Amino acid sequence: MATITINGRAVEADVGAPLVEVIKNAGFPISNLCYLDGLPPYAGCRTCAVEVEGMRGLPLSCTTTVMDGMVVRTDTPAVTEMRQEVLAVILANHSDRCLTCHRIEHCRTGEICLRDNEVTHRCVTCSKNYRCELQTTCDAADVGRANVEPYIDEARTYYRHQQPEPDRANPFFEFDPQMCIICTRCVRACDDLRHTTAITLAGRGFSTRIAFGAGGQIDESNCDFCGACVDVCPTATLMEAPNKWVARPDRWVTMTCTECSMGCTIQMGVRDGRGVQVRPGNGNDVSRSQICVRGRFGYDQTRDKDRLRAATIGRGEDAFQQDGDAVVAHAAAALRAIIDEHGPSAVGILGSGQLTLEELYALKTLAARLGVVNLDSSLGAVTAAIGDALNDAFGSEHLPSRLTSVESADLVVAIGDDISASNNVLGVRIKDAVANNGGALVSISSRRNPLADYAVDEAHALHPADGDLAGVAQALATAIVKDLDVRTGLSDVAGLADVRGSAEGIDAAAATLLRRRGGSVAIIVAPSRTNAAQAGAQVRAAANLAIALAGPADAPSALHVLSPESNSVGLRDLGVVPGEGGLNVAEMLEAARNGSLKALIVARDNPMLLHPDRAATIAALDNLDLLIVIDEVETETVARATHVLPDISSFGKDGHITNADRQILRLRTATTAQRNAQPLEQWLAGLAEQLPAADDAPDQPTSPREARLALAELDGRYASLAQPGLTQTRMPINGAATQQFLSVPDTGAANGERSLTLLTGRDLYTDRLSAARGDLNADQLHRSDSVQINPADAASRGIEAGASVNLAANQTQIVLLAEITEDVPAGAVWASALHAGGAVQALQSVNAERLASVELSAAD
C-alpha cells in the first residue's frame with residue numbers, strides 16, 4: 001500500500017494502481033471520457049490531466065500509476081485550462097450550442113433557452129440530457145465562460161458538414177454517429193469485455209468514425225445486443241431504444257435476473273411503479289458488469305397490458321372473470337370434492353424452476369397438507385436425469401465447483417447446444433479464459449456458435465451430426481484414460497471399464513487435453529432442456545471427462561453443470577419432485593389422459609411450452625376435471641385451465657433463487673403488481689385455508705417472509721435466509737462423497753436414409769414470456785425464427801433460403817422458414833426450442849432415449 005495526497009487529503013491505495021481510479025474512488029471529481037475501469041488506458045480524451053509534484057507538465061491520471069508519497073492536485077487553474085482546451089477540440093465536431101454558450105452564467109446547459117434562435121442542437125433536445133458525461137465534464141471545466149472566449153466565434157466543423165443519419169433499424173439500440181466523440185469506449189468494451197468485436201474504428205483522420213460490422217446497420221453485424229457499449233458511452237451516440245426518452249428513474253432496485261441459471265445481478269430503474277431500464281449490478285461475482293440481451297430488455301417485451309389482470313372461472317369461451325377470492329373458493333370446493341371422492345392420488349401439482357425458494361416451499365407445503373405425492377415440473381425429467389448422474393458419479397448433486405474459476409482456467413471444455421446463447425455471460429467468461437488467460441478451449445456443441453471462434457482451432461470445435469455430444473465427450477475421456485490410467489492412479493477409480501467410447505475427428509482435441517492436463521481445468525456442461533436421456537448422458541460423460549482431466553480428487557471442483565432454469569437447483573433441494581409412490585410429470589399427463597388423474601395445480605409452469613409431445617399434452621389437459629393455473633401471462637396452458645389466478649411479475653417478487661453456482665441470490669420487489677394480481681404464496685394460502693389438512697401438517701405460509709423463515713428453520717442449507725437484508729450468500733457445500741466413472745448411453749439420432757437429426761435448444765434472442773404467450777415477435781430480431789439447414793441437405797431436397805419447409809416426426813408436422821447455413825453439420829437441422837410457443841416440442845416423444853429424427857421437405 002502507498003499513501004498519497006490528493007487535494008490536501010491523505011489517501012491509501014495500492015502501489016501501481018491507476019491514479020484515475022484512485023482519485024474517483026476517493027470521491028474527488030475527475031473527468032475521464034475515454035477511460036474504462038479495469039482496462040488498459042486509451043489516453044485519447046486527455047481530460048483527466050492532473051498536477052503531480054515532481055512530474056513535468058500535466059500528466060494524465062489514466063496512464064499514471066500510484067507511487068508512495070505522491071502529491072496530486074486535480075483542480076488547479078492550469079489543470080482547468082488544460083481541460084478547457086482539450087474539450088474545445090472535442091466539441092469542434094459535436095453539437096455544442098449549449099456546452100460552449102457564453103450565456104452559461106444565466107442558465108444550466110440542459111435547460112430551455114429563449115436567447116438562442118437555433119432550435120435544434122441543444123442539450124434540452126438530447127435524449128441524454130443530464131445523463132451525459134460530456135455535459136457534466138463541460139460544466140465542471142467551466143466551458144463556455146469568458147475564459148474560453150476565443151472558441152465562441154470559431155466555425156465548428158460539426159455545422160459545416162452533413163452529419164450521418166442515425167441507425168434506428170432494430171428494436172433495442174439507436175446509434176447516432178453525430179453525437180460521437182471517438183472516445184472508443186464502445187470499441188474496447190465490445191473487444192475486451194465481451195470479446196464480440198462487433199464495433200470498430202473505420203476511416204482515417206478527419207473521416208474516422210465508429211462502425212458496426214462492415215459499416216452497415218447494427219442488426220446486420222454480429223452484435224449480440226448485450227448493451228455493454230451503451231453502458232460505457234459518455235454521450236447520446238448509443239442509446240437503448242425502449243427507454244431513450246424516459247430520463248431518470250425515480251429509484252434503482254438491485255435484484256436478480258431469472259432468464260437463465262446464471263442469476264446475473266441487475267439493477268432495475270423504476271418510474272411510477274414500472275420498470276423503465278435495466279443495467280448490470282454488483283453482486284453476482286461471475287456476471288459482474290455484464291448481462292445479456294434477454295436480461296437487459298426482457299422487462300420491455302412483456303408489459304402489464306400483456307400480463308394476466310383478472311382471475312377467471314371456466315374453460316375457453318365459457319370462461320368469465322370473477323373476484324380472485326371467489327375463484328379461489330370455487331377452485332377449493334372443486335378440489336375438495338375430487339379429494340373426497342377419489343383421494344389425493346387423483347391430484348397432481350406442477351411447480352417450476354422459475355419459482356423462488358419461498359414459492360417452492362409454499363407449493364411443497366400445500367402438497368404436504370393435501371397429502372399429494374404427485375409432484376413435479378415440466379422439466380422434471382431433465383433435472384432428475386442431471387441429479388441422478390451427479391449422484392452416481394460423486395454421491396452428491398452439490399459440487400464444490402465455482403464458476404468464478406472458469407475465466408482463470410488453463411483448459412476449458414464446453415459441452416452444450418450453445419452456451420453463449422443459453423448462458424450468455426458464462427460464454428463471456430469462457431472467452432476471458434482464452435483471450436485474457438491464454439487458456440485452451442475445446443467446444444463440443446450441436447452447431448457452430450460464437451465459442452467455436454475461441455477454440456484452439458477448427459479441429460477443437462466438434463459438432464457431431466447425430467447430435468450425440470455425450471458420445472464425443474465420452475470418446476475424449478476414453479482417449480485420456482487409455483493414456484493415463486496406469487501413470488496417474490485413474491485405474492483405482494471405480495467404473496473404469498465403463499469409460500468406453502469412440503468418435504471421429506477427436507484426435508487433435510484429445511492431444512490438447514493430454515498436453516494441458518496438468519493445469520487448472522473447467523468442464524462446463526449445459527445439458528439438453530428437451531431430452532432427459534440426452535441431458536443425463538451429457539452430465540455422465542462430463543463427469544468422466546472431469547475425473548480423467550482433473551484427477552479423482554479435483555474432479556468435483558472442475559465440473560460445472562448449468563441447470564435448465566433459474567432455480568432448478570432450489571426446486572430439487574426443496575423436494576418438488578415425486579414423493580414415495582408419486583407420479584412424475586409424464587405419468588401425471590398419461591393418468592390425466594386415461595382419467596385417473598382428475599385435478600392438476602400448475603404453479604407458473606407451462607407443459608404446453610416445455611413438455612414433449614404437444615398433442616398428448618393437449619389431450620391430457622383437456623381431459624382434466626379441474627385445472628388450476630397460477631401464472632403471470634396467458635399461456636396455452638392457461639387457455640386450457642378451469643381456474644386462472646394471476647401471478648405478479650418476477651420484477652415484483654420478494655424472494656430468493658439458488659443459481660447453477662449454488663449462490664443464494666435475492667429478488668427484490670421493484671415494480672407494482674398489475675391489477676388483480678397477487679403473489680403466488682397468497683393464492684396458495686387461500687386454497688389451503690379452505691381445504692382440510694392433517695393435524696401434523698405444516699403451516700401454510702401466507703407471505704414470502706413466512707416461507708423464508710420456515711425454510712431457514714427446516715433446511716440447514718438455507719439457514720442464512722433468516723438473516724435480515726440478505727442479498728446473496730453461498731450455499732454450504734459438503735463436497736463429493738465418491739468419484740466414479742460412469743457408463744454413457746448412446747443418445748444420438750438413429751437417422752434413416754432421408755431423415756435428419758433434430759437439434760434444438762435455447763436461443764439468445766427469444767424472450768421466454770413472449771414465447772409462452774405465443775407472441776410472434778418473441779424474437780424481435782427474428783434471428784431464430786427459421787430452421788437452420790446445411791447447404792448440402794438443402795441442395796439435395798431442392799430447398800432455397802427463405803422457403804417454407806416441413807419438419808415431420810412423431811406423427812406431427814410443423815412449417816418453418818429455411819435458413820441455409822454451414823453452422824449446422826450435414827445430416828442435421830436446428831430449430832429454437834421456444835419458437836412459435838415451443839412448436840418444435842410437437843416433434844419430440846416423451847421418454848425418448850435418443851434425439852428425434854425428422855423428415856425435411858419443401859412445403860407445398
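Q: What makes up the count of helices and strands in the protein chain?
A: The protein chain has 26 helices and 32 strands. Helices are DSSP runs of H or I with at least four residues, and strands are E runs of at least two, numbered from the N terminus. This is a predicted model: local features need pLDDT of at least 70, side-chain atom pairs count only at pLDDT 80 or more, and totals for chains, interfaces and linings use all residues. Residues are numbered from 1 along each chain as its sequence is written, and side-chain values use heavy atoms, without hydrogens and water.

Q: Why does the radius of gyration of the protein chain agree with a compact globule?
A: The rule is 2.2 Å times the number of residues to the power 0.38, over C-alpha atoms. For 860 residues it gives a value near 29 Å; the protein chain has 29 Å, so the two agree.

Q: Why is E53 called partly exposed?
A: Buried means under 20% relative accessible area, exposed over 50%, and partly exposed in between (1.4 Å probe, protein chains only). E53 has 47% relative accessibility, so it counts as partly exposed. E53 sits in the loop between β3 (51-52) and β4 (71-73).

Q: What makes the E53 and R73 side chains a polar contact?
A: A polar contact is a pair of N or O atoms within 3.5 Å; within protein, one must be able to donate a hydrogen and the other to accept it, and residues adjacent in sequence count only if both atoms are side-chain atoms. The side chains of E53 and R73 are joined at 2.9 Å.

Q: Which residues does E53 contact beyond its neighbours within four places in sequence?
A: Contact means heavy atoms within 4.5 Å. E53 is in contact with V71 and R73.
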